Amino acid sequence: MEISPTTSNAKVSNHIPDDLVNSILYKLPIKSLKHFECVCKSWSHLIIDSYFMTVYRNYLLSKDHSFYDDTSILLHSTKKVKYDLYSLSGERFENKVKLDWPKVPLHPSVRGVKIKHSIHDISKDNVPPSRVGDFSFEILRPISINGTLCLEYPEIPDINDHTKLILWNPTTKEFKVIYLHKSNHLSDVWAHHYQFGYDHVKNDYKMI
Amino acid sequence: MAEEKSQASSSKMLTLKASDGVLFEVELNIAKEMKTVQAYIDDCEDIETIPIPNVLGKHLAIVIEYIKKTNEEYDAEFEKQWNMDDLQLLLLAANYLNISGLQECLCKAIAKRIENKSPEYVRKVFNIENDHSPEEEAKLRKEYKWAFEGVDKD
């Protein structure tokens, strides 16, 4: 639509400029944002841009956002051998949804190997991995930073003798595996003393 | 918005002229909510008629009513009355007139209307051409398969 000079038939352009489009995108839930990445190239570049994401996240956490009152609880059930994770939402947290753990691929050398899964000082029965990703995870404290959890992979004999920690976002299902080389000086007792945090200044996650 | 009839300045009336020639007489304190108009008044104090070239009379009327009535309840009901075209034109009007409250309200309303829709619908709304190659689009759709669950058919 073009701007017409005659006042009696005046039309106005309905093209929304980019800064207004951004203001609209900031107000979408993450699920919508992700699936609108395929609208066009500039949107897909914008949505993954870290500055856009920072503003989006700040807006999401502010009380002006309509989702501010929608909190949900994550329930980590550690009673059985295989741990389960649930999300509880709703006014009385009556909606219980089981979440799937991330499907982290195994190193080929450890597939089919029987592993011993020890949590703190209690050791569980040997759990043979039946397929890729069929593991239970420990969640490191603090539980969730900006929607990302830090998971500890059970002790698996790895040819490089690394401990695996996984940064996982249950909403977008993205995960990143971090390998920490086990120092020869540390005993197993120290294996659970990692701390996970977020650095505001550098806008990045930190592991201590 | 309480009318302060006791003060002489707030009972001063101003005329706003929309792009299609429609005239609106508004009180000064209402007109001042539009920062663009405020800037106009600051520049030329004696002005009585202010041209608003980007906004149709139909939308200017809605904007003025919004300013007079706005509160939480009104906002919640406000956006339900308008179709997508009107919402967009109102957003452009609010942006041009620099009324931040109305802009926020309209952005939220548009976001709510598109959040569960398909990318095709969104392209139509914003008049965007799909410049992804079919392979790129297939890859994105596959990667974000979880995000496409529950999308409205439209």
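This is a predicted model: local features need pLDDT of at least 70, side-chain atom pairs count only at pLDDT 80 or more; totals for chains, interfaces and linings use all residues.

Student: How many residues does the contact take from chain A and from chain B?

Tutor: Chain A gives 33 residues and chain B gives 40 residues, where contact means heavy atoms within 4.5 Å.

Student: And what area is buried between them?

Tutor: About 3,300 Å², with carbon and sulfur atoms giving 69% of it. Buried area is the accessible area (1.4 Å probe) that two parts lose on being put together, summed over both.

Student: How many salt bridges are there between chain A and chain B?

Tutor: Two. A salt bridge is a side-chain nitrogen of Lys or Arg within 4 Å of a carboxyl oxygen of Asp or Glu. One such pair is A:K27 with B:E104, whose closest N and O atoms are 3.2 Å apart.

Student: What does the side chain of A:H35 reach?

Tutor: The backbone oxygen of B:K117, at 2.9 Å. A polar contact is a pair of N or O atoms within 3.5 Å; within protein, one must be able to donate a hydrogen and the other to accept it, and residues adjacent in sequence count only if both atoms are side-chain atoms.

Student: Is A:H35 buried or exposed?

Tutor: A:H35 counts as buried because its relative accessibility is 1%. Buried means under 20% relative accessible area, exposed over 50%, and partly exposed in between (1.4 Å probe, protein chains only).

Student: New topic: how many salt bridges does the structure hold over all chains?

Tutor: Eleven. In one of them, the side chains of B:K80 and B:E77 meet at 3.4 Å, N to O. B:K80 counts as exposed at 55% relative accessibility, and B:E77 as partly exposed at 47%.

Student: Which residue does B:R123 meet in a salt bridge?

Tutor: B:E137, at 3.5 Å, N to O. B:R123 lies in helix 7 (residues 119-126) of chain B and B:E137 in helix 8 (residues 134-143) of chain B, so the pair ties together parts 14 residues apart in sequence. Helices here are DSSP runs (H or I, at least four residues), numbered from the N terminus.

Notes
Residues are numbered from 1 along each chain as its sequence is written. Chains are lettered from A and ligands numbered from 1 in the order in which they are written. Side-chain values use heavy atoms; hydrogens and water are left out. Helices (H or I, at least four residues) and strands (E, at least two) are DSSP runs, numbered from the N terminus.
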